[in-house]
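I opened this model to see what can be read from it. My notes follow in the order in which I looked things up.

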Amino acid sequence: MITTSSKLFYGLGAVSIAGSIVWIIAHDGGALGAVALVFIAVALLFLGGIASYVRDGHILSTDTEQHDSAPAAQRGPSHSWFPLGTALALGMLVVGLVTSPGIFKVGVALLLAMLGEWLIQNWSDRASSDPSYNERVRGWVVHPLEIPIGGALLLGVIVLSFSRIFLALSVEAGPIVFAILGALVLFFGSMLSIRRGTSKRLVGAVCGVALLALSVVGVALALNGEREGLTIAAEEDHFAHRACGEEAEESDEDAVRAVSAKSSVAATVTLKDGALYAEMDGYSGPLTSISLQRAWNSSILFLNEDEGEHRMVVTYGKVVESLGGGVERETLLQACTSLVAQGGQQGVVVNIPKPSISSSEGFSITVPGLEGASIEVMVP
Amino acid sequence: MTIIDRPSTDVAVIGGAPTGVKPSEALGVFKRPAASTSWRDWVVTVDHKKLGIMYGVTAFFFFIVGGVEALLIRLQLISPDGKVLNADQYNQMFTMHATTMVFLFVMPMAAAFANYFVPLQIGARDVAFPRLNAFGFWCFLFGGLFLNSSWFLGGGADGGWFMYAPNSSTLFSPSHGIDFWTLGLQITGIASLTGAINLIVTVLNMRAPGMKMMRMPIFTWMVLVTQFLLLFAIPVITVALFLLTFQRSFDATFFDVASGADPLLWQHLFWIFGHPEVYIMILPSFGIISEVIPVFSKKPLFGYPIVAMSGAAIGFVGWGVWAHHMFASGLGPVSVTVFSMATMAIAVPTGVKIVNWVMTMWGGKLSFTVPMLFAIALVVQFTIGGLSGVTHAVAPSDTQQTDTYYIVAHFHYVLFGGAVFGLFSGFYYWWPKMFRRQLSEGLGKWNFWLMLIGMNLTFGPMHILGLQGQPRRMMVWTEARAGEGLFNFGFWNRVASIGSFVLGIGVLLFLVNVIYTHKSKKVAISPLDPWDARTLEWMTHNPPQEHNFDTIPTVGHLDEFFHRKYETDASTHSVKQVHSAEEVMAELNSHPDEHIHMPSRSYWPILLALSLPVIGYGLIYNRMLMAVGAALVLLTMFGWSMEPSTSPDEDFDPPAPGEGGGHTKELSPLG
Amino acid sequence: MKKMIDQVGESMKTAGRWRNASKAAIAVSALTFVASCGRDAPQDTWQPAGPNAERIDNLQRPVFYVAGIVGVIVFAAVAWSMYRYRDRGQAIPEQTHGKPAVEIVLTVIPVLILLGVAIPTASTIFKLAETSDTEMTINVTGQQWWWEYDYPAVGSNIEQYGITAPIVTAGQLVIPENTKVLLRVTSRDVIHSYWIPKLNGKKDSVPGRVHLLRMEGSKPGIYAGQCTEFCGLSHAYMRMEAVVLARADYDKWVANQLEEYTVPEVGTDAAAGEALFIQQCSRCHQVNGLKNSDGSLNIAAPEQNLVSGAAPNLTNLMTRNTFAGASWDLLTPECRDNVWNASSADFGERYLAGVSTECLNQRDLREWLRNAPAKKPMYADPTKLTSTGGLYRGMPALGLTEDQINIIVAYLLERK
């Protein structure tokens, strides 16, 4: 007997067979797809057969005895996302095996979570005959885990997307976007608090859309890469001062950043009109010769009031290493700021281990590229 | 409270209606423990009164520990170049003395009183979150034990209770003492924070009908202010402690100067917590004596709204004075001036309180019972401490006095002469309420006078020592700096050391008094209202049953209990007693409430609190143990949330005969 | 209010009732009296010997008096009400909840008193922070557990005081009389605090920061001080002194500090001591001008041996009269009294005489050289140095023999 659902299966089966024939013709004898389609057809026809046999599970209206005991009269298991999730996890697991261990690990974690959830749902479905009680029982057991973990994941998505967005935006655009986003959140929040009656559905929808948008933009920008400055900085090993010379070997993106600790520093060194001078608490007037304590973490603040970008270099002796065979290598002991634009300032902390008399050249503060700019540093 | 239970097909149906809700059948281990009278009940209890007593006993134990530490310090300093302790031990001793007294005695002892009496004073049956309350206590206990376990595991913390960076880094303090200190305080901090939230919610939401905020007893007011201070202060120290933990355990550089950090960051964080902490310690005692003085003066508190509001004002201004601990640490003159002025400003609301206590006594009918004596001593000694406080609010003067014994004298007058005397006043005042017996007044007077003399002998000379230039925290003092003549360092140090032992004996007498009171056959059971008190907590049995009041009273006045006992003649203003306390209570209880529902006991607070030190030991000794601790925390939190909200039906009385209508009185009153 | 005044008036008539109040008053004034007794304590905060400390003293004295008076009033009120209103079977008093007028008056009075205190406080704070009139600048560096002073050869130090090369010394700060000296206070390790009570209040020395502290002594003499910020194990043994010299004596001191190194005569104990010093002590301790056997300049390397990276400069050890963080005297008690208790006129000469062989406190110096950490706790147990990467936090026990100690002492005696 051709029942309603068996029609669907038979039809699909027929289409599959037709498709396999088309495939063979189109692929010039290529068999693989055709074999797959034939298998599908066989499976569909088999299902169609079963549907016909049980007559779609229908019970005849005359068969009153069946009304209570037939499977269709029983409450089926509740809706479940977990088979879908499990399949997804398995997929990730396999994809991860081939591509990256990260995806594999996420897959394993997801798989365990889904199987656990599935298990608990199965158990709770059988807890009693009352579905709402069953749902509550499930909630008891898994909510203490689900809610915090879910919250953490949600937070993670938000934070991650947010940070990706701001790493990709330019320095100028960042604050503007941030202000706009902040204003939007504030606006939405205050609207909600004023209009108490707003339906949960609407709120949920808005939040959901916002979250989706945030994560989509986040993913897109993450794929696109960080802003140029950061990329360069990463290539140049993140502000590592490899040399204190005139030329910028390293990225000095940070140089304009203002220094907060301006008080109680050991010395403030200013570059102005091509000359360097120092000011120190307790001494009057600009100094071209300063005295710093030995073995002391002296913080020195550099202010560039000259045109162009400059760096301050503190030179405090040299280390001679013996490389064996009478060969020696001299390394200058130096500390320097990165390049500071006009009006900018930056601090360095220098610890000078030896007194000035240990070095024949003496210690100094200089600006690479400017001949006259120099301060003598005395360390007693 | 909802009762979650399995739907059951066999609900007995009589006359077409179910006979009542059948309590839950718990899921396996998640069953809530039932009532019992054995020691087990103390482990699983969530009753605010039992927890209050446990807070008190534990805090008193730590008081003795801290006191022994103090006596060792005084023993070391009795003569020049003391040899009792070596430098390392001495540094640990004063660090742990302060830490123990602040975090493990004064704060939790105040919490003990707050826990026991706030619900009673506002006419509530328990606190808002009973399990959280139990959790707080166990955190305090295990945090304190964890902290003190350092004595047996390589020595206590040795950086001073203020733990200034960079002296607290592993470079300068390589033992594990400071690790125990940070983690121990972190755990007790959880206790303070949960307690604060709990009591705030309780006071704001669970007052008896008619009890407006301005009808609350002043002790409850002060506790409320204290809890708000805690709520905002504890997070600050938590952050600071985390920074320090990361610096010590994970090589962070928050206070590392070579990396460009500023060690003053720690000082700011510590004192933003540390100064409100001072008020956290003193305000509950202010509250206690603001109850005691009116009772024994037979007058209401003078200027009740002003006392309440000045407490709140202290709570606010207290946040703006932290840098007066740092006048010598190199702030600029502008900051120093601002904080100097703010500090003077806070003297005003504090002074107002003193004025109000004196004015309460003025024109009263004073009876000098032991609680009253302690309260009056607080007023006097706190005045001395407050005035010496004003002298170093003057910043230039403070640069001479800070870190000398003058400061030690100042804050011991405030905290011992003030806070601790207030707590002792509370012990004597509320003892009959808690334990049905009144502490012996005779022994109590000995206790009081020895403590008073000891306290002033110990800390009075420290004013002079400080002004003579003896710095604090020094393991020895030397003849070379002692000065000549009779009244030099040597004399005053000796007086202070002798005084400290007098003080120690005084405190010991309190314990003797407790034992005597409860063992001696001569001490009779206290009457219901031994002091002719004024507030709600005296309107129920001694000690109160688990549900506090058979009937929740409706409040029409400040000092409700007094108003029910006495009547004022409208024209002559004369006051005469119209009811005895027993009559008032009998009248109140003539129509007991039905359906009293008390929270059930729980295993989980103690288990969760117990897993926190595991993380602590793990951080110090083995990171794997940390994972075990974290897993335990997760599991116990899981258990906590899974627990049914009531215990199985053993807890419930069968329907009382004759009450009909299927009423179930869901609690068996104790005794 | 009126009732209260009446009550007070009534009490006036029966003067006997004031007994309790007067007892309290006597107690407080006795306390104040006694506080001023120990007049000769070297660190007394009420005996200023320079304009900065005087400024503080002028501010704090009235504050203490006002506080004392307020205290006496409160105690009198408490004592009076305890006496007058004790339970004598009187009727239960009227249940009044307060009198706004009284409350306002009693709030305004403290406000006014505090205003009176606040204004001079603010002006003193700013006066003490003034630095523009500085005449001499000295760097003061704290480390566990001693103070280093270095007199930089910069600016007015050269022009006015002839400090043509940096002078580095420890323990005792030497400053000229009536000169506005500015200390640049900092630290090499943990936070310390510099405090010479008779010259000025204290100022913390914080690593990485420079804090300014004015010093001025108006009378030649020696003024004691003590580190007042808890700084670890030997905090109690971190002391210091400020020595104020008349200008002429100060010039002599500077000249002596800048003198060339004198090589010990060949064959003496001191010469043997020099060799041993180079071998043992100069790992950390600098002696300016000391030359190694190969003729090169000897430069100490404390940064390789000590957490703080510094050890006291011993070039002119015997011109100071204390050592090891000013914790022990280099002078015998009699010689010490001779210097410390000298009159202002004699002080300079006696101080500049330094430590002679007869006056040397052999006992403490030798104990120190034998086993320094036994004398002053210094965290010098070699088994516990893992957290510091093998660096010491003070002088370790060097294991010198008595003969070695003899020659080192002989060598050190010439360091002046």
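Over which residues of chain C does pLDDT stay under 50? I found them at residues 1-19 of chain C, for which the model has 15 contacts beyond four places in sequence. A contact here means heavy atoms within 4.5 Å. pLDDT is the predictor's confidence in each residue, from 0 to 100.

**Ground rules.** This is a predicted model: local features need pLDDT of at least 70, side-chain atom pairs count only at pLDDT 80 or more, and totals for chains, interfaces and linings use all residues. Residues are numbered from 1 along each chain as its sequence is written, chains are lettered from A and ligands numbered from 1 in the order in which they are written, and side-chain values use heavy atoms, with hydrogens and water left out.

**Confidence, chain C.** I noted a mean pLDDT of 89 for chain C, with 91% of the residues at 70 or above. Helix 1 (residues 2-13) of chain C has the lowest confidence, with a mean of 43. Strand 6 (residues 192-194) of chain C has the highest, at 97. Helices (H or I, at least four residues) and strands (E, at least two) are DSSP runs, numbered from the N terminus.

**Confidence, chain B.** Chain B averages 89, and 91% of its residues score at least 70. Strand 1 (residues 13-14) of chain B has the lowest mean among the elements of that chain, 39. Helix 2 (residues 48-76) of chain B has the highest, 97. Residues 1-28 of chain B have 40 contacts beyond four places in sequence. Residues 649-671 of chain B have 31 such contacts. Where pLDDT is low, the predicted coordinates should not be read in detail.

**Chain A, overall.** I counted nine helices and nine strands in chain A. The chain has 380 residues, of which 31% are buried. Buried means under 20% relative accessible area, exposed over 50%, partly exposed in between (1.4 Å probe, protein chains only). Among contacts in chain A between residues at least 6 apart in sequence, 61% join residues at least 24 apart. Chain A exposes about 23100 Å², and carbon and sulfur atoms supply 66% of that area. The areas come from the Shrake-Rupley method with a 1.4 Å probe, and for residues only the protein chains shown count as cover.

I looked up the domains next. Chain A is divided into domain 1 (1-74), domain 2 (127-224) and domain 3 (253-378). The bounds come from an automatic or database domain assignment. The C-alpha centres of domain 2 and domain 3 of chain A are 49 Å apart.

**Cysteines.** How many disulfides are there over all chains? I found one, taking a disulfide as a pair of cysteine sulfur atoms within 2.5 Å. Cys335(C) and Cys359(C) form it, with S to S at 2.0 Å. Cys335(C) sits in helix 8 (residues 333-340) of chain C, and Cys359(C) in the loop between helix 9 (344-352) and helix 10 (362-370) of chain C, 24 residues away. Both Cys335(C) and Cys359(C) are buried. The torsion about their S-S bond is about -75 degrees, so the disulfide is left-handed.

Cys231(C) is buried, at 0% relative accessible area. Cys284(C) is in no disulfide either; the nearest cysteine sulfur, in Cys281(C), is 9.2 Å away. Cys284(C) counts as buried at 16%.

**Asn115(B).** I found this residue in helix 3 (residues 87-121) of chain B. Asn115(B) is buried, at 3% relative accessibility. Its side chain makes a polar contact of 2.7 Å with the side chain of Asn133(B). A polar contact is a pair of N or O atoms within 3.5 Å; within protein, one must be able to donate a hydrogen and the other to accept it, and residues adjacent in sequence count only if both atoms are side-chain atoms. Leaving out residues up to four places away in sequence, Asn115(B) also touches His48(B), Gly52(B), Tyr55(B) and Val127(B), among others.

**Backbone.** I logged a cis peptide bond between Gln144(C) and Trp145(C), with omega near -5 degrees. Trp145(C) is in the loop between strand 1 (136-143) and strand 2 (146-151) of chain C. Ala295(A) is not a glycine, yet has a positive phi of about 50 degrees. Ala295(A) is buried, at 6%.
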